[in-house]
Amino acid sequence: MFKKLLLGIATLAATMSFAFAQVDVNKADAASLDSIKGIGPAKSTAILEERKKGEFKDWADLEHRVKGIGGKNAAKLSEAGLLVNGKSKEGAAATAAAKPKADKAAAKTASTPAPAGK
């Protein structure tokens with residue numbers, strides 16, 4: 001019983017870490033796909049079934065082959081961390097991985113000393 005509880009906690013901890021990671025649709029398993037906001041068990045099953053026929057070439061291929069994933073939905077999934085062949089959907093908002101660049105620029109500006117004054 002203790003081993004099952006420990007396994008359950010370890011699985012939960014691993015799943016939580018997926019929520020902040022980017023997931024490639026051509027490499028992910030069902031649990032990884034389920035960790036993306038907007039993908040549930042039915043959608044992950046549909047993705048895996050279509051992937052058995054061949055990997056997804058790009059976002060357009062994913063949208064065409066998987067029912068329920070259209071342009072708007074694909075953009076939201078991309079923003080949530082889903083990738084196709086390592087690429088985010090063009091036109092999707094910047095992901096969390098891209099935000100630190102802006103933060104670095106802001107930090108650099110903030111760390112620049114003010115001119116000596118009065």
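Read along the sequence, the predicted model follows the pattern α-β-α-α-α-α-β-α. Six helices and two strands are present. The protein has 118 residues, and 27% of them count as buried. Among contacts with a separation of 6 or more, 45% join residues 24 or more positions apart.

The average pLDDT of the protein is 79, and 65% of the residues score at least 70. In residues 95-109 the pLDDT is below 50. Beyond near neighbours in sequence, that stretch has six contacts in the model. Where pLDDT is low, predicted coordinates should not be read in detail.

The largest nonpolar core has 16 residues. Val-25, Leu-33, Ile-47, Leu-62 and Leu-82 have the most contacts inside this core. Two elements, α4 (59-65) and α5 (71-79), each give two or more residues to the core. Not counting residues up to four places away in sequence, Leu-82 touches Val-23, Val-25, Leu-33, Ile-36, Ile-39, Trp-59, Leu-62 and Leu-77.

Helix α3 comprises twelve residues, 41-52. At 1.5 Å a residue, α3 should span 16 Å. Lys-43, Ser-44, Ile-47 and Glu-50 are the buried residues considered here in α3. These residues cover an arc of only 130° around the axis, so they lie on the same side of α3. An α-helix has 3.6 residues a turn, so residues three or four places apart point the same way. The face of α3 turned away from the buried side carries exposed Pro-41, Ala-42 and Lys-52. The cover over the buried residues of α3 includes α2 (30-34) and α4. After α3 comes Gly-54, with a positive phi near 145°.

Glu-50 illustrates the buried side of this helix. Glu-50 is in α3. Its relative accessibility is 17%, so Glu-50 counts as buried, the cut-off being under 20%. Not counting residues up to four places away in sequence, Glu-50 touches Phe-56, Arg-65 and Val-66. Glu-50 and Val-66 are 16 residues apart along the chain, yet their C-alpha atoms are separated by 7.0 Å. The side chain of Glu-50 also makes a polar contact with the side chain of Lys-53, at 2.9 Å.

Helix α5 also has a buried side. Ala-74, Ala-75, Leu-77 and Ser-78 are buried in α5. They cover an arc of only 165° around the axis, which puts them on the same side of the helix. Lys-72 and Lys-76 are exposed on the other side of α5. Elements covering the buried residues of α5 include α4 and β2 (82-83). Just after α5, Gly-81 takes a positive phi of about 115°.

Ser-78 deserves a separate look. This residue lies in α5. The relative accessible area of Ser-78 is 1%, so Ser-78 is buried under the 20% cut-off. A polar atom of the Ser-78 side chain lies 2.9 Å from the backbone nitrogen of Lys-89.

How values were computed
Residues are numbered from 1 along each chain as its sequence is written. This is a predicted model: local features need pLDDT of at least 70, side-chain atom pairs count only at pLDDT 80 or more; totals for chains, interfaces and linings use all residues. Side-chain values use heavy atoms; hydrogens and water are left out. A nonpolar core is a set of buried Ala, Val, Leu, Ile, Met, Phe, Trp, Tyr and Cys residues joined through side-chain atoms within 4.5 Å. Buried means under 20% relative accessible area, exposed over 50%, partly exposed in between (1.4 Å probe, protein chains only). Helices (H or I, at least four residues) and strands (E, at least two) are DSSP runs, numbered from the N terminus. Contact means heavy atoms within 4.5 Å. pLDDT is the predictor's confidence in each residue, from 0 to 100. A polar contact is a pair of N or O atoms within 3.5 Å; within protein, one must be able to donate a hydrogen and the other to accept it, and residues adjacent in sequence count only if both atoms are side-chain atoms. The expected span of a helix is 1.5 Å times one less than its number of residues. The arc is that of the directions from the helix axis to the C-beta atoms.
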